[in-house]
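Please keep the viewer open as we go.

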Amino acid sequence: MSTPIRSSGRRRLQPSSRAGNPIRRAPNSGASASSISSNDSEHFLPMSNIMNNNSSNVQVSPERSRHHLARNLLAIACLWPLLFLIIPPPTADPAHMAILSAGINSSSKSFTNKFQSIKKRAHDKIDNIRAVASRRVNLAAKTQFLREEMSTLLRRKDIVGYGPDRPRVAVVVVVPQPSNGNNVGRRAKGGGEGDEESRILKGALDAVQSVFLTTDRNRIFIVTVVMDGRGKVGTFEAKLDDIDAGRTMHRHGGEVHTHDHHHGQLEGEQKEGEGHYHSEKIHTLYNHEGMGVSASRKEAVHFINVLSRKHEQAGIKSPEEDLILLFLSVDSRLKEFDDDNRTWLDDVTDALILSPSIEQNQDISNKFPSVAKKDSKVDTKPTKDGTMQPSNAVSFAVDTSSSDTEGNVEIHSSHVGVTLSFDQKLRPRPSSATGQQLALSNGESYPTPLTQSATALRLRTYNAFPASDEALTSHYSADLELSFNLWMCADGIDVIASSYARVVVDPVILSSSEKDISGPLAARIVSAWMSGHGDDVYADKIIRAVAERSAQDSIIGMTKDHSMSDRKILVDKIKVLNDMLVRISSEAKHSSSFPTGLGQKCRPFSWYAQNVHPQNDFHEEEDLNDAKKRAWMNGPTTKQEGATNENNLPSKPLNKDNMNMAIISKASPVNIKYVDASGGHAEHPHKGATDENGKFGYVHDETFLIKNPPTFEIKDEKDRGVLCKKGDPNYQMLTKKVFVDLPNHEAAEKRAEHGLAKKGRAKIFCLVYTIEKNHHTIPAIKETWGKKCDGFMVASTKTDRELGTVNIPHEGPEEYNNIWQKVRSMWSYVYDNYYEKYDWFHIGGDDLYLIVENLRLYLESEEIQLASNGGQYLPNGSEETQTPLFLGRRFAEGGNMDRIFISGGSGYTMNKATLKTLVVDGLPKCRPHFHTFSEDVMVANCLRQRNILPYDTKDEAGGERYMPF
């Protein structure tokens, strides 16, 4: 590190007590004896000096007179009990009063009143003198008394809201640099939301705000925000100040409220100053040059440790209180729940801090299986107060968010059992807990191989970690090291499915570089965690896999050397990159922050691979991959050999517990050889199309757009500002809601062009339905996405060769309430004329925008290829049967989960097996003469009768690929 982190000068943290109020000492209780003012010494002399003064006949000064007056008043005060013998109390017996009052004249009553006044003043003086003397003599004792009272108070969690078995939380939020570091701070003052820097800063504010909205402020120790690669950002700092001062919604006890901007009063109160005071809870650290996530977290935790020690030295924190540490990513916010009595911190506390009760310990050990591991190298020991503290961590369950063109946010809840793991290239991938893992806790919690967007652990657990490599700059690489620390050197990571420990992740905030790992960082991880204990075999295979991935990425776009075969180019590139990564791995061991000696301090990686990450069987899968690569690099084999070798095995089989595996298992394989179902084109729905003159037998040229692709242009320049306006809902849809994966699309095109792909790209037939009065919408489709389809046709009520529309008559009238009959004829026409030429068939309305690049990549993915071949083996191109796949946005008809259909709004996609089943077997028998507008429901019903169910097309983050809204 060339530049240290600098602390914010705007804050001075104050010790806090219950409700976040500052602890106020008694007047002068924190000062030494010499701190009493000289004025006090002059006005309240020690009693011995007063008693030793003699009267004198000499002229005295006014000051001297006051001394004499004090002496006289003192004498009177000392003799006042004698007056009770001559001045009876008001309740005395009348006879007694008569005897005592004999000889006293009528003025005695006024004398008594005057004497009582003098006596009161004398007592006041004496009390002041005694107070001064007490402060001087007993200051040390009183200070010790206050400390003991504070320690007693801190043990009363019912008063302060926290304690050893109810600890506070310290939150760390690292604000990373954007993928292009030059953008830092450029648009911080109101830049567009599409700007990466603005998205990151807004995400950080939302993350911090969510902490105060979901966490009792009494139990927040500190929220540390690390601005990596940045100085102060004025608007960002101002908003942090508002959150810290309580001027935004926050939780205090069981109440959620906000305070007036100026006076600090609770919202809704009329009087100023009647609200409660908030101690400062947010502290900002700055690193102008940027260190990365791992180093930033380390500096934040160092600050938290220093602050904790200062609080303990000041007597305002119990040493037995082990703080809970929460790492929260800027793309995540803690999820809100409507519960005034319980928060996520209560659930996390139950998981991390166990009470002394043996029965309760056993119950929680059953609920959180990782607590009870017998082979842990980190012992679970009782603290001074008797609480048991296991060294495990809690990874929060992850829901995802998405927004539509109008800014409406939709939350997609994750399923029970969803976890995060990685592949042989150390890239993150979604996974799921096994049925056995879920059964151990009745589904309440389950282990996860990797932490996700929010992770909670005890501060002492983090401080005991043997590995903290400051060179791991991305969020994912830092989380990977954190996960290895927790599993191999502690007791693991749990996800609590039935708790409030959930976050909502916005997948567009962080760049892909923050959520992935580069080759050099992967080499450092391998070098640190896979040395010794026979782990070298894992290290070699992962380094090799990373090199192959990097080589494939780098060769795309490279000028082709015609003197060498493409395979030779790739082989040479892999060797160069493999040697480079091995060198980086070796050199990393000599860097200052590189962790050493992990083999003696922690479990080996082989234990992790076999016990924590068994789904990623490195030995078996890597050996098979090696065979596949050797076969590919050595050139094609015979067709018979290709059909039987290991080349058909996937890198990741479909999980048996996966919903999609259950969906495709219900469908029977379909022989995809074409069968004539037209019946001579005599009746609907196989009568076919008509030409411009209304004559049947017309066959549309579906490749006309590829042969003559139109160019996209805005004819009226005045419309450009309107059409391209950033606030336009369509612009927002294409920049916020969806992501066109052009890099992977172009890479796939290059691989196909250079012969690096095993087979050509998937061929897609696109079908649009409309009517003549809406033909004005078709040119825009042709100029944008239509020409990217391999085959394209518009089914309409009029044939127009230039426009590409085809009149396909159908049974019944041309009306909205008869779309079912229209679709029956359309699919029959497509099957009769184009079935054998294409792999996939997609249908949608004239208001559809299809991102063909993304669709093609999805259809070519290993998951879809595997599913279309039954879920066990990848197809090799020689198959005669295929598993039907029906893809799109799933909905439950009338809320009935047994009647799932696919919305026609975003369209749906079918492979050859599904189209053949629908046209040949379904349409003749499935309500053939029914008239209805709900064609999407009817298609789903027909396919359901043949055990073909809608496939779940959500992405890895739970986001929808098909969006009808």
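Which residues point one way from strand 22, and which the other way? Gly791, Met793 and Ala795 take one side, while Phe792, Val794 and Ser796 take the other, and all are buried, where buried means under 20% relative accessible area with a 1.4 Å probe and protein chains only. In a regular strand the side chains alternate between the two faces of the sheet. Since 6 of the 6 residues of strand 22 (residues 791–796) are buried, the strand is largely enclosed by the rest of the structure.

A word on the ground rules: this is a predicted model, in which local features need pLDDT of at least 70, side-chain atom pairs count only at pLDDT 80 or more, and totals for chains, interfaces and linings use all residues. Residues are numbered from 1 along each chain as its sequence is written, and side-chain values use heavy atoms, leaving out hydrogens and water. Helices (H or I, at least four residues) and strands (E, at least two) are DSSP runs, numbered from the N terminus.

Strand 22 has a parallel partner in strand 21 (residues 764–769), with 5 bridges between them; pairing requires that DSSP finds at least two bridges. Here Phe765 sits opposite Gly791 of strand 22.

Next, find the open sheet of 4 strands, with order 8-17-10-11 and mixed pairing. Strand 8 (332–334) and strand 11 (409–412) stand at the edges with a single partner strand each, so one side of each lacks a neighbour in the sheet. On average, neighbouring strands of this sheet are turned by 30 degrees against each other, direction ignored. Strand 10 (residues 397–403) runs antiparallel to strand 11, joined by 4 bridges, and Ser402 has Glu410 in strand 11 as its bridge partner.

Now for some helices. Helix 7 (residues 196–214) packs against helix 8 (residues 234–244) at an angle of about 10 degrees, with axes 10 Å apart. That makes the two helices roughly parallel, a label for angles under 35 degrees. Helix 7 brings residues including Leu201, Leu205 and Phe212 to this contact, and helix 8 brings residues including Phe236 and Ile243, contact meaning heavy atoms within 4.5 Å. Helix 29 (residues 852–860) is mostly covered, with 7 of its 9 residues buried, among them Glu853 and Arg856.

Finally, step back to the whole protein, which has 32 helices and 30 strands. Buried residues make up 48% of its 965 residues.

How values were computed:
Axes are lines fitted to C-alpha atoms, for helices over the stretch in contact, and angles run from 0 to 180 degrees between N-to-C directions. Buried means under 20% relative accessible area, exposed over 50%, partly exposed in between (1.4 Å probe, protein chains only). Angles under 35 degrees count as roughly parallel, over 145 as roughly antiparallel, 65 to 115 as roughly perpendicular and the rest as oblique.
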